[in-house]
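Here is a short report on one protein chain.

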Amino acid sequence: MRKLILLFSVLLILAGCSAATRYNVNVNVLSFVPAHQRTLSIPSGSGTFFFPGSSFEGQVVSVPTVVDVIERAQLVVRASVTNTGSTNFSGNLELRLAPVGDTNLVDNNGGDLGIGYTSLTIPPGQTQNLTIDLTLNANQNQAAFNIVKSGNFRIGVRVGATSTGGILAFTEARVALTGRPFAFFK
């Protein structure tokens with residue numbers, strides 16, 4: 001009887017860890033950025049700004065390695081832009097990714113790339129909410145998917161603006177991975 005209970009327990013555990021088992025890993029990217037650096041003041045005039053990092057290095061993100069096979073990833077960035085000036089705020093926002101060794105996310109060298117581009121026009125005194133929500137896998141955004149599934153990468157946002165002043169505040173930035181704990185079937 002003892003052997004039967006042990007065998008049944010082993011079978012039950014193995015059934016719970018089959019090739020069909022999927023894990024979801026969520027990483028809050030903003031948790032890597034100090035709270036006082038989650039807001040970007042955009043001065044009057046035209047220019048390009050980068051967040052986070054003063055030298056375009058972005059934020060290093062390390063994803064826990066609990067899955068052997070990563071099947072898909074999702075990148076979500078949410079922000080609000082407030083026009084504090086007296087004329088229309090015109091601009092664009094682009095999510096940038098790079099391998100961890102690339103410390104300049106805007107030079108298109110070393111593997112960095114831009115994805116998730118959005119543009120905006122905001123009247124004086126108004127606020128616009130922005131969302132970039134991207135699915136990455138072997139069929140969609142494959143180059144970005146390969147960067148993210150490496151487990152360690154850099155992420156940043158490039159903002160181009162023409163305005164008489166504005167404030168960009170990030171409210172969410174996360175990476176969600178879905179994968180299998182075993183590499184039996186690739």
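Strands (E, at least two residues) and helices (H or I, at least four) are DSSP runs, numbered from the N terminus. This is a predicted model, in which local features need pLDDT of at least 70, side-chain atom pairs count only at pLDDT 80 or more, and totals for chains, interfaces and linings use all residues. Residues are numbered from 1 along each chain as its sequence is written, and side-chain values use heavy atoms, with hydrogens and water left out.

**Backbone**

P52 sits in the loop between β3 (45–51) and β4 (59–62). A cis peptide bond connects F51 to P52, with omega about -20°. F56 is found in the loop between β3 and β4. Its phi is positive, near 65°. N108 has a positive phi too, near 55°. N108 belongs to the loop between β6 (89–99) and β7 (113–122).

Relative accessible area sorts residues into buried (under 20%), exposed (over 50%) and partly exposed (in between), with a 1.4 Å probe and protein chains only. F56 is partly exposed at 34%. N108 is exposed at 53%.

**Salt bridges**

A salt bridge puts a side-chain nitrogen of Lys or Arg within 4 Å of a carboxyl oxygen of Asp or Glu. The structure has five. Among them are these:

| Pair | Closest N and O atoms |
|---|---|
| R78 and E172 | 2.6 Å |
| R174 and E172 | 2.7 Å |
| D112 and R96 | 2.7 Å |

D112 lies in the loop between β6 and β7 and R96 in strand β6, so their pair ties together parts 16 residues apart in sequence. D112 is buried at 7%. R96 is buried at 2%. Shared partners join E94, R96, D112 and R158 into one salt-bridge network.
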